[in-house]
Amino acid sequence: MAYSQHDHTFFVESDEPLHTKLSARDAAKMIARTRQDVIAGELSRLAGEEYLEDIMEHMKHMEIETLPDANLIDMQREIQWFMRPYLIDFLIEAHAAFTLLPETLFLTVNLLDRYCSKRVVYKQHYQLVGCAALLIAAKYGDKKDRVPQIHELNNMCCGLYDAGMFTQMEMHVLNTLEWTIGHPTVDFFSQLMVMEERDDQEVESMAAYLCEIAMYHRDFVSTKPSTMARSSLALARAILGRSEVTEGEWDQADDLTVLTLSQHLHQPSATLARKYSSSNYCRVAQKLADFMAQQAAIARRNAQAPTPPVVEATKQNSIYSTPQKGHGAVAGFDGYLTPPITPDGASFTGGQQQSYPLPSQCPTTPTPQQGHSAYAQHVQQYAGFVQHHNR
């Protein structure tokens with residue numbers, strides 16, 4: 001009884017001989033295909049080296065063109081920043097359930113934020129926009145057989161939406177973004193930097209963990225992916241005790257990003273920590289928790305030492321804190337009072353009246369023809385944590 005390799009992944013028992021006979025024609029095809037693969041790989045390497053500078057210039061241009069504006073998201077009437085972690089948790093769980101590529105998650109959040117910086121979003125539509133962004137990102141860069149099905153997403157949303165609403169929101173997001181989907185994600189720049197600096201898998205996993213922690217916070221919505229990648233890798237090396245890498249492109253923005261990111265590592269999302277507690281990610285969640293515990297112990301010891309009295313300075317708002325915005329527009333903004341609005345009307349809002357007037361220049365999204373009473377129940381998903389903030 002022999003063992004033969006199946007699909008280059010699994011070994012299965014077989015009663016057939018280990019070496020199977022190939023016809024001369026099949027053998028010639030295999031040899032030709034192997035030669036083609038070798039030639040294609042060499043051509044790809046040569047082209048990459050020749051056009052690498054142009055490719056990087058294009059990517060840097062794209063990352064600026066597709067960067068969301070956090071100040072415009074501040075203008076949202078109903079969407080508040082404290083809601084963001086709940087939606088990011090949902091997207092991370094959906095992304096893991098469908099085993100999508102890492103860059104798909106970052107592209108999803110980018111599409112979500114770009115949409116929210118262009119359209120007013122009702123809180124009952126927030127999860128629907130996130131699902132539409134996930135669908136678009138998966139179709140753009142993932143394998144076809146891994147793209148989520150609408151009924152699967154609807155089940156994850158507890159059946160709160162009709163199937164047609166996913167398709168309509170997906171089309172509306174694409175039209176709002178003018179079908180500009182391509183975006184050089186943090187994962188793209190991280191992979192390049194890891195290869196260049198030859199970082200090990202532990203550093204790579206820790207940097208990925210830090211980048212996903214950053215997705216939860218307003219401070220990093222408008223941070224360039226290349227800056228986030230550089231900063232997260234530098235911080236990951238420091239946390240794991242690796243030697244520092246001197247990079248020529250390091251600037252003040254990187255210093256500020258590292259400092260800001262280091263202030264958001266104390267209580268990462270439990271969903272995210274569970275994801276990075278697996279051996280596939282070198283269990284970096286526990287390593288980060290151990291590092292933060294050591295830093296807290298050092299801080300306590302330093303606090304116990306006697307220090308001379310100091311005059312308390314006037315309290316100022318920290319530039320790193322996530323603001324809680326009110327219901328008005330940002331002061332000093334010279335554009336629209338609000339961006340254009342997401343789908344509304346009797347069929348999309350359950351017949352409820354708008355609680356605020358919309359400016360005349362704000363176009364309205366096309367409204368589905370059928371009624372959707374499930375929206376009245378969507379409060380169960382988000383209103384639980386919204387109500388006590390509105391009291």
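Tutor: Glu 170 forms a salt bridge with Lys 139, with the closest N and O atoms 2.8 Å apart. Here a salt bridge is a side-chain nitrogen of Lys or Arg within 4 Å of a carboxyl oxygen of Asp or Glu. The pair links distant parts of the chain, 31 residues apart: Glu 170 is in helix α7 (residues 163–176) and Lys 139 in helix α5 (residues 126–141). Helices are DSSP runs of H or I, at least four residues, and strands are runs of E, at least two, numbered from the N terminus.

Student: Is Glu 170 buried or exposed?

Tutor: Glu 170 is buried, at 10% relative accessible area, while Lys 139 is partly exposed at 49%. Buried means under 20% relative accessible area, exposed over 50%, and partly exposed in between (1.4 Å probe, protein chains only).

Student: What kind of model is this, and what counts?

Tutor: It is a predicted model: local features need pLDDT of at least 70, side-chain atom pairs count only at pLDDT 80 or more, and totals for chains, interfaces and linings use all residues. Residues are numbered from 1 along each chain as its sequence is written, and side-chain values use heavy atoms, leaving out hydrogens and water.

Student: How many salt bridges in the whole structure?

Tutor: Ten. One of them joins Arg 237 and Asp 199 at 2.9 Å, N to O, and both residues are buried.

Student: Which residues form a network?

Tutor: Asp 200 bridges to Arg 242 at 3.0 Å. Salt bridges with shared partners join Asp 200, Glu 202, Arg 242 and Lys 287 into one network.
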